[in-house]
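These are my notes on one structure.

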Amino acid sequence: MSTTNVQDDSQNRPARNRAGQDVTGELTRASAGILPAHLADATVDESSLKRFLAGLPGVDPVGLEQRSAGLATRSIKRASKLQAIDLAISMVDLTTLEGADTPGKVKSLAAKARRPDPDVPETPTVAAVCVYPDMVATAAAALAGTDIGIASVATAFPSGRSSLQIKIADTKLAIDAGATEVDMVIDRGAFLSGNVGKVFDEIATIKGVCGDTRLKVILETGELGTYDNVRKASWLALLAGGDFIKTSTGKISPAATLPVTQLMLTAVRDWFDETGELRAVKPAGGIRNTKDAIRYLVMVHEVAGPQWLDPFLFRFGASSLLNDLLMQRRTQLSGHYSGPNYVTVD
Amino acid sequence: MDWEYAPAPESAAIGRIKPRYQMFVDGAFRDGRGSDLVTLNPGTGEQLSTVSTASSEDVDEAVAAARAAYDKYWSKISGAERGKYLFRIARGIAERARELAVVETLDNGKPIKESRDVDIPTASAHFFYHAGWADKLEYAGFGPRPRALGVAGQVIPWNFPLLMAAWKIAPALAAGNTVVIKPAETTPLSILVLAEIIADADLPPGVVNILPGAGDVGSALVNHRGVDKVAFTGSTAVGKAIQSSLAGSGKKVTLELGGKAANIVFDDAPIDQAVEGIVNGIFFNQGQVCCAGSRLLVQESVAEEVVAKLKSRLATLRMGDPMDKNTDIGAINSALQLSRVSALADSGDDEGAERWTAPCAVPDRGFYFPPTVFSNVSPAMRIAREEIFGPVLSVLTFRTPDEAVAKANNTPYGLSAGVWTEKGSRILGMAAALRAGVVWANTFNRFDPAASFGGYKESGFGREGGPAGLGAYLTNAEDGN
């Protein structure tokens, strides 16, 4: 990935066929990685992008949901369960995204991230804390000296309803305050009205602003309406340079579901098969207990592959999930349930 | 990260397997006059239990008991009363579902997740569905006063032992017939647990009689003069023999026989779900399904992509202990069936097809055959023509819809087919053109008691399930024949 927001062709891109170029003009480019010709051609201009997205195979809801339901019946016991719990803890983006957030709340969340279970110090730390841009500095100070990520939502989260200038400024605010990961939202209105070029440009521009800071692209699948749209938006975000594709803001119901996550895992798997690049997935919202988390991990394992069982490539956007994981972890170690009074509120 | 799932075996004790089982005749469990058979656990190859079998005298007695029950009781009570008994049986199956699932998996070798999530719930659903019909037969489309036929003689296969029993017994009883049924030699246990449920439901003695045994018992049953209606599910060879021996007997016959279904994937298909459907179509129940999608017909333009995705998907299948809740591919039902599958697969090698085997560890005991895909298959090869009845898929390609139809129909069988395309008009056109009793669109191997199931050509005749299935057990004639 290049670190600049470039509007022109990069020298190292393969030659592109310009014959099909139309009035919409060139798309913004943030990524200068070498893509296979058919993917590079897809981003020449908006009409190419539309044709590419329209040419993706359809998604049959019955079959998709059947596979999700089948994988959800996997029975994960004993050592494999403890392994899954530890992995899930290390994948949590511990999140608070409320209007009522205060520095005190964020500090207490950061303390929880550093030491999820004070009574069991060898418990893994979480992957990141996730806050609004104005809380990033507080989180960064509280997490100094750790390798816990500081993720910030940006780009007029959660609706994405603002100008590109505001979204760029919002992103810069977060990064300048110390964010190491940015969670942006796509413009669902533009996507649903067929203006995929605008969505692409915004993602590519924000990725340009982010540079090496990893960018999570929130598709808000609950507003996209169909699985076909989720697949299209996933590929759109991957083509535009998103490091993660993320299901939801958590502000819309339904948030993350197994079938939607399956679809996104399939997209990053296909992306890897075609480009050799590993991109990440983050379901967010609605994942509240260990049983759910393990179902997601089974899906990561069997749909994307064991390679994705890594906090770099899969995250859970969640708040209450962590405490259930901690209680289940204690249960696995001690053989009996403790209870919510033995884990810290955050 | 390496993440091995720990073994998650269902407890065999839940199955409460008895050392010996007896046949069920005239409302009582008793010994038959045939010699005991030994039933094996295909997952381990070890002995599971012994079962008393019937002789021809036992067939006579069972048919006589069924006739007496029909004359004295079952034909006299109202449809609503029959429905109550069927509802009771349906609930009994649901209540003992976990036990039945374990029994089925231990006796048949299928993965516990399939017996738990498919076989047993669907068996219960068949009783529930037909219970609802029992007092509504005059509205089923067979005239104002449809009547039962009398005594039904039924023979069922080993691939879905309890589900096939439900498919046979539920419509027969709902329509007002009494039943003598013979389970397969290798899978007699779950239907004998069903016999306990039937006894607990206080079904009048003789309404359902269950005779374990081999082919000779089945032959004596279907040829018995006291049987008015014969229903058989099994191989085409046996079906042909039954049909010729019953010619001129006046018995009503339905046969549900073999298949060599085409699963047709067009280039505009939902590819990922088509791959799932291919897997489900041929590897569900280790491919031991008469309607299995054993011939993949894939459009040439997407063949490479589909086969590549299929192979990477198959590499994730978990083969092994059928009792493990995470097992996707269990055991082949018997050593005999395993040798048949192996021999047919070897013929694929000999005839020049290219064999690919999923990278599964094969357990060192029990009867297992790993998921196998043959590519470069031509329609002339045995693996493209003969029913393998195992986890072996033959991949053929086509260029146009007409070619797909021609190749799909180029088989003596015609039980089922699958069509994968996002184009609705093509689905309807293909469904009309395919000579198959069931055509699935963008799915495969879905079973519902309300949907009729049955074949064209050498896959048999008559339908099971839905109102059409009831018709096989009813007549309009005043004398009941």
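Which residue in β8(A) stands opposite Asp93(A)? I found Gly317(A) there.

**Conventions.** The model is predicted, with local features needing pLDDT of at least 70, side-chain atom pairs counting only at pLDDT 80 or more, and totals for chains, interfaces and linings using all residues. Residues are numbered from 1 along each chain as its sequence is written, chains are lettered from A and ligands numbered from 1 in the order in which they are written, and side-chain values use heavy atoms, without hydrogens and water.

**The sheet.** I read helices (H or I, at least four residues) and strands (E, at least two) as DSSP runs, numbered from the N terminus. Two strands count as paired if DSSP finds at least two bridges between them. Strands of a sheet pair through backbone hydrogen bonds, either parallel or antiparallel. In chain A, 8 strands form an open sheet with parallel pairing, in the order β7-β6-β5-β4-β3-β2-β1-β8. β7 (280-282) and β8 (316-318) of chain A each have a single partner strand, so one side of each has no neighbour in the sheet.

**Strand β1.** I then followed β1 (residues 92-95) of chain A, which pairs with β8(A) in the parallel sense over 3 bridges. Leu94(A) has Ala318(A) as its bridge partner in β8(A), and Leu94(A) stands opposite Val129(A) in β2(A). Val92(A) and Leu94(A) point one way from β1(A), Asp93(A) and Thr95(A) the other way, and all are buried. Buried means under 20% relative accessible area, exposed over 50%, partly exposed in between (1.4 Å probe, protein chains only).

**Cysteines.** I found 0 disulfides over all chains, a disulfide being a pair of cysteine sulfur atoms within 2.5 Å. For Cys290(B), the nearest cysteine sulfur is that of Cys291(B), 5.0 Å away. Cys290(B) counts as buried because its relative accessibility is 12%. Cys360(B) is buried, with a relative accessible area of 15%.
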